[in-house]
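Q: Hi! Could you walk me through this one?
A: Happy to, here it comes.

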Amino acid sequence: MSSPPSPPPVRLSTLGNFVLGGLASCSATIIVHPVDVVKTRMQLSGEGGAQRAHKTAVHAIYNIASKEGPQYLYKGLTAAIMRQLTYSSTRFGIFQTLLDKCTQEQRKSM
């Protein structure tokens, strides 16, 4: 028995490529942002010869959440989202649009 043929891939409009690229990059930023905040705080901890405030990443998360509140793990998220909306949505949108155009041109020449 043979399986039924698979449907052709869905082609998005140029605007769709930009919108989905922006949504994907913003989703990733929302998930990764607390890790980036902890990394930055750990890097800056102990600057200028001061004693390090965070021994491990878990310790840093605990310190930030208990002393400043858990919402401070998302401090600076607005700027990160704005960067993704401008930079990454453009990058993904242009890449996919050019890839689609090149693929169409290649098919025409075959």
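A: One term before we start: partly exposed means a relative accessible area between the buried limit, under 20%, and the exposed limit, over 50%. Also, this is a predicted model.

Q: Thanks. So is glutamine 96 buried, partly exposed or exposed?
A: Glutamine 96 has a relative accessible area of 27%, so it counts as partly exposed.

Q: And where is glutamine 96 placed?
A: Glutamine 96 is in helix α3, which covers residues 77-109.

Q: OK, what does asparagine 17 touch?
A: Leaving aside residues up to four places away in sequence, asparagine 17 touches Leu12, Gly93, Gln96, Thr97 and Asp100. Asparagine 17 lies in helix α1.

Q: Why does asparagine 17 count as buried?
A: Because its relative accessible area is 8%, and the cut-off for buried is under 20%.

Q: Let's zoom out. How many helices and strands does the protein chain have?
A: Three helices and zero strands; from the N terminus on, the elements run α-α-α. The radius of gyration is 22 Å, well over the 13 Å that the globule rule gives for 110 residues, so the chain is more spread out than a compact globule.

Q: What box do the C-alpha atoms fill?
A: Roughly 65 × 40 × 20 Å, along the principal axes. Of the 110 residues, 25% count as buried.

Q: Which residues form the nonpolar patch on the surface?
A: Val10, Leu12, Leu15, Val19, Leu20 and Leu23, with about 600 Å² of accessible area together. Valine 19 sits in helix α1, residues 14-44, and is partly exposed at 43% relative accessible area.

Q: Switching to α2: which of its residues are buried?
A: In helix α2, residues 57-67, the buried ones are Ala60, Asn63 and Ile64. Seen down the axis of α2, they fall within an arc of 95 degrees, so they line one face of the helix.

Q: What about the other side of α2?
A: Val58 and Tyr62 are exposed there.

Q: And what covers the buried residues of α2?
A: The cover includes α1.

Q: Last one: what follows α2?
A: Glycine 69, with a positive phi near 105 degrees.

Note on methods
Residues are numbered from 1 along each chain as its sequence is written. This is a predicted model: local features need pLDDT of at least 70, side-chain atom pairs count only at pLDDT 80 or more; totals for chains, interfaces and linings use all residues. Side-chain values use heavy atoms; hydrogens and water are left out. Patches are made of residues with over 30% relative accessible area and no salt bridge: like charges are joined within 9 Å, nonpolar side chains (Val, Leu, Ile, Met, Phe, Trp, Tyr) within 5 Å. Accessible areas come from the Shrake-Rupley method with a 1.4 Å probe; for residues, only the protein chains shown count as cover. A salt bridge is a side-chain nitrogen of Lys or Arg within 4 Å of a carboxyl oxygen of Asp or Glu. Helices (H or I, at least four residues) and strands (E, at least two) are DSSP runs, numbered from the N terminus. Buried means under 20% relative accessible area, exposed over 50%, partly exposed in between (1.4 Å probe, protein chains only). The arc is that of the directions from the helix axis to the C-beta atoms. Contact means heavy atoms within 4.5 Å. The radius of gyration is taken over C-alpha atoms; the globule rule is 2.2 Å times the number of residues to the power 0.38.
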